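Please keep the sequence and the 3D view at hand.

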Amino acid sequence: MLGPDLSARDEHLVELMDDPNCDPRRLDATLRRFGLVNRLISGWGTVYRHRLRPLIAGLERPARILDLGSGGGDVVARLASLAAADGFEVRWTGADPDPRAHEVAAAREIPNARFLCADADALHEAGEAFDVVISNHVVHHLDTQGLHDFTEASRDLASHRVLHGDIARGRLAYHLYSVGILPLAPGTFLRTDGLRSIRRSHRPAELSAALGPDWSVTSPAPFRLLAEADGRA
Ligand SMILES: C[S@@+](CC[C@H](N)C(=O)[O-])C[C@H]1O[C@@H](n2cnc3c(N)ncnc32)[C@H](O)[C@@H]1O
């Protein structure tokens, strides 16, 4: 199996969706299709069962959960439906600083959910606070300073726990994704950006070293990373 050199994280590779001038129709289609892709690969069902469900149940009051970098809002939609099926009352917030992503998310109708066009600093300045902060597929978009700022700010917004989920870089993940995504990719950036995402993403030991001792980095599902820390809001 040939392919790019995956021995080190390629932090300088730019994803098409991160270009402010990218094709808006393709970006829109990409954001809308994240729901299906995330359901297949992102492992949030497992993270919900093993991490979020016990946290929500332990609060014994409505939980406040923030998805930071919520894109088109699909992870909020999925988690909200899992929590509702368990009979939990949760107040969901999805926040994303990119107005193009916010527009897609804001068009969703999810009970007890709101979407804000904001980053962590804006939420902090607005006095927002949450029990749990999560993210999906944001970490690999960030450079070293951005990762530090994002993860520190996420702890400042959470009183209980922070959970950042992402891809784990690896050759098998790269080759399986390059073929498996083909049916879903037409009209979107999913194939190009997904493969670039894998090249930009960390291995567990790399992310653990980058985040430091306050964080635990595990692999909750194949080809996945989960970085967790206590909140300090
Ligand atoms: C690949 S998308 C993932 C969207 C969504 N979480 C999902 O899984 O469908 C990455 C998102 O992270 C957002 N993002 C990038 N840097 C961010 C930052 N520093 N803070 C919050 N969001 C950020 C982008 O605007 C983009 O919508």
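Helices here are DSSP runs of H or I with at least four residues, and they are numbered from the N terminus. The model is predicted. With that numbering, α1 (24-41) and α3 (74-85) each supply at least two residues of the shell around the ligand.

The ligand is surrounded by 18 residues, and the closest are Asn38, Gly69, Asp74, Asp96 and Asn136. Sorted by class, the shell holds 8 nonpolar, 7 polar and 3 charged residues.

Asn38 has a polar side-chain atom 3.0 Å from an oxygen atom of the ligand. Asn136 likewise places a polar side-chain atom 2.7 Å from a ligand oxygen atom. At Gly69 the backbone is involved: one of its polar backbone atoms is 2.8 Å from a nitrogen atom of the ligand. On its own, the ligand has 600 Å² of accessible area, and the protein covers 87% of it.

Now turn to Leu157, which belongs to helix α6 (residues 144-157). Is Leu157 buried or exposed? Its relative accessibility is 0%, so Leu157 counts as buried; the cut-off for buried is under 20%.

Which residues does Leu157 touch, leaving out those up to four places away in sequence? They are Leu66, Ala120, Leu123, His124, Glu128, Ala129, Phe130, Val133 and Ala233. For Leu123, the separation from Leu157 is 34 residues in sequence, while the C-alpha atoms of the two are 8.0 Å apart in space.

Key. Residues numbered from 1 in each chain as written. Predicted model: local features only at pLDDT ≥ 70, side-chain atom pairs only at ≥ 80, totals over all residues. Heavy atoms only, no water. Near = heavy atom within 4 Å. Polar contact = N/O pair within 3.5 Å; in protein donor to acceptor, adjacent residues only side chain to side chain. Areas by Shrake-Rupley, 256 points an atom, 1.4 Å probe, with all protein chains shown as cover. Nonpolar A, V, L, I, M, F, W, Y, C, P; charged D, E, K, R; others polar. Buried < 20%, exposed > 50% of the residue type's maximum accessible area, 1.4 Å probe, protein only. Contact = heavy atoms within 4.5 Å.
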